[in-house]
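Walk through this model one element at a time. Keep the sequence beside the coordinates as you read.

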Amino acid sequence: MELRLDGKTALVTGGSAGIGKGIAKSFADAGANVMITSRKADKCEAAVAELAETASGEVSYVAAHIGHLDQAERVMGETIERFGSLDILVNNAATNPWAGPMVDCDIPRLDKTYEVNLRAPLQWTQIARQMWMGEHGGSVINIASVGGHHTSEALGVYCMFKDALMHMTRQLAAELGPKMRVNCIAPGLIRTDFARVLWDGPRGQMIADQLPMKRLGEPSDIGEAALFLSAAGSWMTGHVMDIDGGECVKISGELPLEEG
Ligand SMILES: NC(=O)c1ccc[n+]([C@@H]2O[C@H](COP(=O)([O-])OP(=O)(O)OC[C@H]3O[C@@H](n4cnc5c(N)ncnc54)[C@H](OP(=O)(O)O)[C@@H]3O)[C@@H](O)[C@H]2O)c1
């Protein structure tokens with residue numbers, strides 16, 4: 001089955017780089033009109049030019065900070081004005097201002113992570129519902145992380161909000177059906193700038209070797225999953241898809257069985 005999105009409009013936050021750009025490419029190549037948004041206009045402009053090379057739908061951008069409510073309204077208003085609908089919203093942009101034990105995290109960085117990684121996906125979904133999806137229907141995809149399933153030495157705060165985002169997905173799916181579907185993708189380690197410190201150099205290969213799929217993820221791996229959730233999956237809602245090369249099922253930390 002070829003997955004197509006002709007005539008659909010998708011909005012991808014953080015669409016100018018990394019996973020967001022990978023998702024935008026999957027959608028645009030499948031025929032969707034795609035609006036990307038991120039803070040820096042020059043980054044968005046460069047991404048639009050790159051995406052347009054293969055797109056069969058149109059690609060455009062509005063620069064915005066996802067933490068600012070008025071900007072969410074502006075981005076969605078411009079998306080609907082430009083393309084005539086808002087069928088798919090991908091809450092992808094996120095931040096990680098704190099690395100270290102959760103117990104030492106200061107309040108400004110805790111608040112920043114909450115604002116961008118949790119409050120913004122809820123508010124963007126609320127506004128998408130008010131402006132289009134509540135009446136016409138639509139699909140929301142939240143980008144969490146498999147980190148949300150585990151504890152972590154340095155990423156505890158980030159992982160806590162990603163776990164909360166997975167729960168928010170289930171809660172909103174229960175509240176917003178049947179007009180709106182809300183699903184989530186939890187990526188494993190993907191080779192983007194955001195995660196470079198985790199995969200650059202020999203460490204990356206060591207992590208890859210431990211995975212059942214023996215390689216790290218690429219933005220296109222998440223793009224494929226987002227396309228499936230958008231062009232198929234019409235009875236799927238409240239679901240979290242771990243797209244992680246098998247990280248969550250790898251065999252680790254097991255004591256050897258005693259012989260005899
Ligand atoms: N990479 C991984 O291994 C990995 C694993 C699990 C989950 N994730 C999740 O995947 C998502 C994307 O991560 P990534 O690795 O693709 O990151 P990335 O390469 O750093 O790209 C982040 C994108 O978000 C935009 N952005 C950042 N803060 C923003 C804000 N406040 N408002 C609007 N746009 C903002 C950036 O552009 P501007 O600078 O122009 O704003 C950029 O387009 C995040 O939710 C992340 O938590 C990543």
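Helix α1 has 12 residues, and at 1.5 Å a residue it should span 16 Å. Its end C-alpha atoms are 17 Å apart, which agrees with that expectation. Bear in mind that this is a predicted model. Buried positions in α1 are Ile19, Gly20, Gly22, Ile23, Ala24, Ser26, Phe27 and Ala28. After the helix comes glycine 31, with a positive phi near 100°.

Now turn to the ligand.

Isoleucine 19, one of the buried residues of α1, places a backbone N or O atom 2.7 Å from an oxygen atom of the ligand. Serine 38 uses its side chain instead: an N or O atom there is 2.7 Å from a ligand oxygen. At glycine 14, a polar backbone atom is 3.3 Å from an oxygen atom of the ligand. How much of the ligand's accessible area does the protein cover? On its own the ligand has 890 Å² of accessible area, and the protein covers 94% of that.

Next, asparagine 117. This residue sits in helix α4 (residues 107-136). Is asparagine 117 buried or exposed? Its relative accessibility is 2%, so it counts as buried, given that buried means under 20%. A polar atom of the asparagine 117 side chain lies 2.8 Å from the backbone nitrogen of threonine 95. Beyond its neighbours within four places in sequence, asparagine 117 is in contact with Ala94, Thr95, Tyr158, Phe161 and Leu165.

Finish with helix α8 (residues 219-231). Its 13 residues should span 18 Å at 1.5 Å a residue, and the end C-alpha atoms are 18 Å apart, which agrees. Pro219, Asp221, Ile222, Gly223, Ala225, Ala226, Leu227, Leu229 and Ser230 are buried in this helix. What do the buried residues of α8 pack against? Their partners are α1 and the strands β4 (88-91), β5 (138-143), β6 (180-187) and β7 (240-243). That leads back to α1, where this tour began. Glycine 233 follows α8, and its phi is positive, near 60°.

Note on methods
Residues numbered from 1 in each chain as written. Predicted model: local features only at pLDDT ≥ 70, side-chain atom pairs only at ≥ 80, totals over all residues. Heavy atoms only, no water. Polar contact = N/O pair within 3.5 Å; in protein donor to acceptor, adjacent residues only side chain to side chain. Areas by Shrake-Rupley, 256 points an atom, 1.4 Å probe, with all protein chains shown as cover. Helix = DSSP H or I, 4+ residues; strand = E, 2+ residues; numbered from the N terminus. Expected span 1.5 Å × (residues − 1). Buried < 20%, exposed > 50% of the residue type's maximum accessible area, 1.4 Å probe, protein only. Contact = heavy atoms within 4.5 Å.
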